[in-house]
Amino acid sequence: DLGTEPLATAKSNGGKFLLKGKLTEANLYYLNIAGTQQKLYLFIEPGNMTLEGNSDSLMVARLSGSVSQNDFVEFNKTFNASFARLSQLAQQLNAGQADPGGAARNEYNALAKEINAKTDVFVEQHKRSVVTPFGILVMSQLSEDITVTENRFLKLDPVSRQSYFGRMLDQTITEGKIGAIGTEAIEFVQNDTTGKPVSLSSFRGKYVLIDFWASWCKPCREENPNVVDAYLKYNQKNFT
């Protein structure tokens, strides 16, 4: 399990072992062998499954009997190489290395665009798969626009949305929409200069500019006159 307690344990006998455990739904787990650092990630599901491979090369072992694992294998084949290169470029750019002509930045942007396009195709082709919401979660790191993630989620069939990663994705979207562009502003109440409580919702129906600043912040104080000028210019047009 991705948590702390193992789903099942067993000892190998004659090159074979049998794992038995209880699953309520398909989910992502990993298999490891004592004394090694190998971790084989698998989407397993209720039912009988067979794993074939070598303990010395666990990462290339093959699991049969799990439909979701087949989708997971396809997902990895589609995206692993691209994500590895994207990660390499990100490390290079974040390290502040020279980027003559913006070549690395351009390659990063082009690769991210390509990955996003492939993600949309994968979603369309695997709407019922429990692997798809996992993939959407992974891809959400490529965009700060939560609506991109939400639109992908809304294309999924109910069985996929209600899976473990579907529920996690739904929660991520709900939390990500808080304060996001295009969503309803968070309600709050603050006393005005006379001590009177004022709520944000009391301005509903108006165009509202909220400027958070501090008296000790020089750039903030330099900006204050511009805020006043904006109010004087537009306050007769339902602006406050």
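Start by selecting Met 49, which counts as partly exposed at 27% relative accessibility. Here buried means under 20% relative accessible area, exposed means over 50%, and partly exposed lies in between (1.4 Å probe, protein chains only). The model is predicted: local features need pLDDT of at least 70, side-chain atom pairs count only at pLDDT 80 or more, and totals for chains, interfaces and linings use all residues. Residues are numbered from 1 along each chain as its sequence is written, and side-chain values use heavy atoms, with hydrogens and water left out.

**Stop 1: around Met 49**

Met 49 sits in the loop between strand 2 and strand 3. Helices (H or I, at least four residues) and strands (E, at least two) are DSSP runs, numbered from the N terminus. Met 49 and Leu 63 are 14 residues apart along the chain, and their C-alpha atoms are separated by 6.9 Å.

**Stop 2: the largest pocket**

Stay with strands 2 and 3. Strand 1 (27–31), strand 2 (40–44) and strand 3 (50–52) are the elements that give two or more residues to the lining of the largest pocket. What volume does the largest pocket have? The value is about 1,400 Å³.

How is a pocket found? Rolling a probe the size of a water molecule over the atoms shows where empty space is left. On a 1 Å grid over the protein atoms alone, a pocket is an open set of points where a 1.4 Å probe fits, with protein on both sides within 12 Å along at least five of seven lines; lining residues have an atom within 4 Å of a point. Grid points are joined across faces, edges and corners, and the volume is the space filled by probe spheres set on the points.

Select Phe 17, Leu 18, Leu 19, Leu 31 and Leu 51. Of the 42 lining residues, these are the closest to the centre of the largest pocket. The lining divides into 21 nonpolar, 13 polar and eight charged residues. Ala, Val, Leu, Ile, Met, Phe, Trp, Tyr, Cys and Pro count as nonpolar, Asp, Glu, Lys and Arg as charged, and the others, Gly among them, as polar.

**Stop 3: salt bridges**

Side chains of opposite charge can pair when their charged atoms come close. A salt bridge is a side-chain nitrogen of Lys or Arg within 4 Å of a carboxyl oxygen of Asp or Glu. The whole structure holds nine salt bridges.

Select Glu 114 and Lys 118. Their side chains form a salt bridge, 3.2 Å from N to O. How many residues apart are Glu 114 and Lys 118 in helix 2? They are four residues apart in helix 2 (residues 103–125), so about one helical turn separates them. Glu 114 is partly exposed at 38% relative accessibility, and Lys 118 is partly exposed at 31%.

Next, select Lys 155 and Glu 124. This salt bridge spans 3.5 Å, N to O. Lys 155 lies in the loop between helix 4 (146–154) and helix 5 (158–161) and Glu 124 in helix 2, so the pair ties together parts that are 31 residues apart in sequence.

Then select Arg 128 and Asp 157. Their side chains meet in a salt bridge at 4.0 Å, N to O. Arg 128 is in the loop between helix 2 and helix 3, and Asp 157 is in the loop between helix 4 and helix 5, 29 residues apart. Arg 128 is exposed, with a relative accessible area of 57%, whereas Asp 157 is partly exposed at 24%.

**Stop 4: helix 3**

Select residues 131–139. Is helix 3 mostly covered or mostly open? Helix 3 is mostly covered, with eight of its nine residues buried. Among the buried residues are Phe 134, Ile 136 and Leu 137.

**Stop 5: the second largest pocket**

Select Phe 203, Leu 209, Ile 210, Asp 211 and Trp 213. Of the 21 residues lining the second largest pocket, these lie nearest its centre. The volume of the second largest pocket is about 840 Å³. Which element gives the most to the lining? Helix 7 does, with four residues.

**Stop 6: last selection**

Finish with Asn 238, in the segment after helix 7. Its phi is near 65°, a positive value in a residue other than glycine.
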